[in-house]
Amino acid sequence: MTRRYAGGVGVSPTKYYALLSGVIALIVAVSTAIYVGVASDHGTATQRSAPVREGAPRNPAAPASTGIWVGAWSASPVGAEPGTEVAGLAGRSVRNVVHTSVGGTSVRITLSNLYGQSSLTLTHASVAVAAGTGTAAAIADTMRRLTFGGNASVVIPPGRQVLSDAVRLAIPADTDILVTTFSPTPSGPVTFHPHARQTSYVADGDLTEDTTGVAYTGKVGSWRYLTALDVLSNESDGTVVAFGDSLTDGITSTENANRRWTDVLSRRLRAAVAAGQDVPRYSIVNQGISGNQILASGAGRPADNQAGVGRFHRDVLSRTNVKVVVIDLGVNDILRNPRLADPNRILNGLRTLVRQAHARGLKVIGATLMPFQGHRGYTDARENVRQQINAQIRGGKVFDAVVDFDKALRDPYNPRKFRPDYDSGDHLHPSDRGYERMAETFDLKDLKGAAPAEL
């Protein structure tokens, strides 16, 4: 717009610039409102939410305390839940139960519609501290309504995710938290994380803020929509992301007991901090996916169980205040390859992840690949591939530091398989004692420091 044009419609220069300033201010205000709390599921673009309702109440419990935002819990979206292709979970309240690794004074959540084929409308969401273990009941005075850009409802387009507003709530460490959502309309496939090793719940109707849990008669061993829970914390200075497959997902650990190696490591780290040891104050979040590979993805668009090199940005680099990543991947690349896997391709894939982490200043701790003799996929040739990969990892040619899960869990009399008490029975996944041993193997001081200037 020029002064000549403004003069042509009879606007004085003073009024014209005043009008222009007002328009710019309005654009900035609207853009800020649209941006707050909503981002792409791949962390590469901003996603606009649906128009907010007029007169929607602002969240009265916005955070007022100090601290930094860290991840207290997370789970990777894996695929579309079977049986939800058309209706989704319309007309039902979904109550996810998650377990925190660190406490805080305020909380916010991330909800995903990555695998949805249509927009997901949520009209009600809440967060509360669970009344105990293995229950849908909440401690009544901890129930909080969640908002999105100040509004109780939000629309998440397919392929996207949304970050809620923060709400004041004392979140204890090592505690079950209830996150509940309600969708009134069909939404297509539900984005979920199977093999949660944690019972969550569902009820008919909008019972989002119900504290009794009585109506939550449906039980499921998956997490639906929910992919992260962050806390504003004075207990933690950053987040450690554990990035792996079923060995990190904890597929054979006891349900509702939080005995994955990441859970045990989290408790061990908190105890060390409390004892005054010279270790970092970090939270730990779990981005393991059962069956995950470094190089190969499942079928579909977007791909189910996306390859490690494809999901690393979403599941590691986009997590909250990440300082360190622990990588335990590669066994499925060996076992699921119809031909004999090339160890150099697997190692190059791992090095690709390390380069991406280093570009963000993240330190990378890598795990050796554990034995699997006795599993139906075992062959001597595949064992040789595993040994070649482990030799490179132990030699310091892949990661900044190494945690030797293989050495810690193998049978000293036959290093090609698990020690019997560390074996869950399938000769591929650890027992609870095996997961505990994995966590004990960590040198907590390896979590200190940042990425080297050059590996």
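This is a predicted model: local features need pLDDT of at least 70, side-chain atom pairs count only at pLDDT 80 or more; totals for chains, interfaces and linings use all residues.
I began with Asp 174, which I found in the loop between β11 (167–171) and β12 (176–183), where helices (H or I, at least four residues) and strands (E, at least two) are DSSP runs numbered from the N terminus. The phi of Asp 174 is near 55°, a positive value in a residue other than glycine.

Residues are numbered from 1 along each chain as its sequence is written, and side-chain values use heavy atoms, with hydrogens and water left out.

I then looked at other backbone features. Arg 197, in the loop between β13 (191–193) and β14 (200–204), also has a positive phi, near 55°. A cis peptide bond joins Arg 301 and Pro 302, with omega about -5°, and I placed Pro 302 in the loop between β19 (282–288) and α5.

Next I turned to the nonpolar cores, meaning sets of buried Ala, Val, Leu, Ile, Met, Phe, Trp, Tyr and Cys residues joined through side-chain atoms within 4.5 Å. The largest has 62 residues, and Trp 261, Phe 312 and Ile 327 have the most contacts inside it. Helix α7 (residues 343–359) gives the most to this core, with 6 residues. Apart from it I found another core, of 33 residues, including Leu 146 and Phe 148. I recalled that in soluble globular proteins nonpolar side chains tend to be buried together.

For the aromatic residues I used ring pairs (Phe, Tyr and the six-membered ring of Trp, centres within 6.5 Å; planes under 30 degrees apart are stacked, over 60 edge-to-face, the rest tilted), and the count came to 6. Phe 243 and Phe 312 are edge-to-face, at 5.2 Å centre to centre and 90° between the planes. Because Phe 243 lies in strand β18 (residues 238–244) and Phe 312 in helix α5 (residues 308–317), this pair ties together parts 69 residues apart in sequence. Both Phe 243 and Phe 312 are buried. Trp 261 and Phe 405 are also edge-to-face, at 5.5 Å and 65°, and they link helix α4 (residues 261–274) with helix α9 (residues 405–409), parts 144 residues apart in sequence. Ring pairs join Trp 261, Phe 405 and Phe 442 into a cluster.

Asp 230 and Arg 108 meet in one of 3.2 Å, N to O, and since Asp 230 lies in strand β17 (residues 226–233) and Arg 108 in strand β5 (residues 104–112), the pair ties together parts 122 residues apart in sequence. Both Asp 230 and Arg 108 are buried. In another bridge, the closest N and O atoms of Arg 311 and Asp 315 are 2.8 Å apart, and these residues, 4 apart in helix α5, are separated by about one helical turn. Lastly, I found Glu 383, Arg 386, Arg 394, Asp 404, Asp 406 and Arg 410 linked in a network of salt bridges.

Technical notes. Buried means under 20% relative accessible area, exposed over 50%, partly exposed in between (1.4 Å probe, protein chains only). A salt bridge is a side-chain nitrogen of Lys or Arg within 4 Å of a carboxyl oxygen of Asp or Glu.
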